[in-house]
Structure formats: C-alpha cells, structure tokens
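Dear colleague,

I am passing on the structure below, and I would be glad if you kept it open while you read the notes that follow it.

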Amino acid sequence: MSESTVGILGAGGWGVAVSNLLSDKGHFVKLWEFEARAAETLKSTRALPAKLPGITLNQQVLVTNDLHEAVGDADFVLFVVPSQTTRSVASSLKNEPAGKRPILVNLAKGIEVGTLKRMSEVLGETIPADLYSGIATLSGPSHAEEVSRNIPTAVVAASKDEGVARAVQQLFLTPRFRVYTSADLLGVELAGSLKNIIALAAGMLDGIGMGDNTRGALLTRGLAEIARIGRKLGADPLTFSGLSGIGDLVTTCLSRHSRNRFVGEQIGKGRTLDDILTHMTMVAEGVETTKSGYDLSGTHGVEMPITAQVHKVLFEGKSPVEAINDLMIRDPKPESWG
Ligand SMILES: NC(=O)c1ccc[n+]([C@@H]2O[C@H](COP(=O)([O-])OP(=O)(O)OC[C@H]3O[C@@H](n4cnc5c(N)ncnc54)[C@H](O)[C@@H]3O)[C@@H](O)[C@H]2O)c1
C-alpha cells in the first residue's frame, strides 16, 4: 500500500503507540492533543512516561494542538480519545472543508452514556457525510504498552463497507500487527466496549482473593451476557468468539496492563471509586460503559446479571463479596446463551 497521511486525534497511550506503528510503516502521521500544554510537552520530550514508560515518539510524527492541521489533508482520521468525548471532538470537525474525504476510524472502546450509541454511530451522526468516505472501528486485544514494543498482536478492522475494512487493514498491517476484517461493526463495537465491565468484575475477584474457578466462571458467563445483548441488537453471535470478543475479554481480564481490571482490583481491596479515579491519569472506559451496559440491558429487556452487579458495586455502594454471593444464588438454569 502507498503511504497515507493519517490524522490521529488523541495523544494518550494508544494514540502514541499507533502513531509509532504507522510512522514506522512510512505513513505521514499528525498527532493531535487537545490540551495545549500536554501537546507542547509531548512535542519537546517525545515521551509519555506515565503512560508508556521507555517509549519514544518517532521524530517524524508531527504533534499539534491544531485540529485543522491534523485532519486537513488526511486520508484517514483516527479517533483515539475517551469514548465519552468522541462526540465533542467529532463536532469540532463538522466545519472542516471537505478535503480528501478521509476514512474515519474509531479506536475507542465504549458506549456513549445516555444515548447508548456506539462510536461509529456517534461519528456518523456528528460529521456530515460529504466530509468522509467511510467509517470503521479497530478493536481487539491490543495493549499500547505491548504494541509499542512490537509484541505480536492481532486485531480486527470492522466496517459495514468491505472496501473500507480492507483499506484500514492495509493501513495498519505489519508482520507484528496482524489485522483481520469483519463486516459486523455492531458486534465488534459492543464486544470491545462491554468486556471492560467484565474486566472490572475480574479485578474485583482478584482484589478480594477469589480463585481461578471463579475467574473462569466470570469470563464465560460474562461473554454469555455480552453475546446475549449483541444477538438481541442484531450482531453475529460468532463475532463474540473472535478477537474483539473472547480475545479482548481474556486479555483485559488477565492483564496487568488493564486499567479496568486495576480499578476493579482496587475496589475489591476496599478503596472507593472516587478515590481510585482521582489518582488515575488514564481513562478507565469500563466505569462509564457500566452505566451504558446497564441501561442497554434495561432498555432491551436482556438479562445481564454480572453487569447489574458491577453497577451496584460501582454506583450503589454494594460490596463485591455480596455481589458474588448474589450471582451464585440466582435461579438454577441451563447453560444457555440465548
Ligand atoms: N491504551 C490502550 O492500550 C488501548 C488499546 C486499545 C484501545 N484503547 C482505547 O483508546 C481510547 C483512548 O485510550 P488511551 O489509553 O489512549 O487513553 P489516555 O487516557 O491515555 O489518553 C486519552 C487522550 O484523550 C485526550 N482527551 C481527554 N479528554 C479529551 C477531550 N475532552 N477532548 C479531546 N481529547 C481528550 C487526552 O488528552 C489524551 O490525549 C480508549 O477508548 C481506550 O479504551 C486503548
């Protein structure tokens, strides 16, 4: 594939890791950071020590605080900001001149609180259709800490338009970063977002010292409830056994890099959510997505018992031990995903 110009919106851990991956491939990368001081610091230090220790941002990546400079002549625009801020960032683009009509790629994992929209829906309804040529989401088990060290990783590029999914696949593909395509944009986005709720629960189990049996049960029944809401909303159930489903779920629930698992673990150890979030520099998407997941479950009448219990622990003061006890004494039933 020939070199492309890529505007990356969001210079956190993932934005920087992806900037290096794409500029190593020869693409011209412009990385936008919305906070002026943070942009200046990144421009001069070429590092994010708190988020990606030991990693240097490639010299050829242009760091900017000017949104127009980042997207002006881009072939691809990547959204790598926390999902609850994607709408406001996308809104700032709506007055941009049409330019090259880039492909928009969402890399965030979350569901908008209140509207319950997925990120591709937020982009599609915020940015006028004549300003872009397609929308995709890139998702899967891909911790920035590992991608930035070239550790073999596989993800999925999902779009309703096969040509768009293939273009995103070609943009990212390297011998160390394998990209599959998928037509199930809905399933990929739901899976990548809702697994963070299960990661919070997995962390809680670790925090209170539960065993491997409990973790195995949690991951399996967590995937079952994600697949259940996914199927109700029209996703392909097999997507949930893919990279964005079980792949990301296992990685996030077991990894020391996962901040959602970390938040859960700290809660399991007795800290309050407010205290944990106040001391975190990186976004833990699962906290807000728990609200969205809980509302999706209620709106569509789909049982999501683990999500309901995580919601009670995070926002209603229930103890994680009590939450597990309540999950264990639910009515006995067949092992159905329906
Ligand atoms: N870090 C990873 O390993 C990883 C991997 C895959 C996907 N993701 C997803 O990518 C997204 C970003 O994650 P991250 O780890 O880079 O987060 P981060 O917390 O490290 O950085 C977030 C970035 O968004 C910016 N930002 C915050 N509020 C903003 C606002 N209101 N407007 C514009 N920009 C704002 C921050 O300044 C920062 O540049 C999340 O949805 C995350 O789930 C992260």
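In H14, the residues Pro305, Ile306, Gln309 and Val313 meet Pro320, Ala323, Asp326 and Leu327 of H15, where contact means heavy atoms within 4.5 Å and helices are DSSP runs (H or I, at least four residues) numbered from the N terminus. Of the residues in this contact, six are nonpolar, one is polar and one is charged, with Ala, Val, Leu, Ile, Met, Phe, Trp, Tyr, Cys and Pro counted as nonpolar, Asp, Glu, Lys and Arg as charged, and the others, Gly among them, as polar.

Please keep in mind that this is a predicted model, in which local features need pLDDT of at least 70 and side-chain atom pairs count only at pLDDT 80 or more, while totals for chains, interfaces and linings use all residues. Residues are numbered from 1 along each chain as its sequence is written, and side-chain values use heavy atoms, with hydrogens and water left out.

Leu194 touches Ile111, Ile226, Ile229, Thr289, Gly293 and Met304, if residues up to four places away in sequence are not counted.

Finally, Gln170 is found in helix H7 (residues 162-172), and the C-alpha atoms of Gln170 and Leu277, 107 residues apart along the chain, are separated by 37 Å.

Methods: Helix = DSSP H or I, 4+ residues; strand = E, 2+ residues; numbered from the N terminus.
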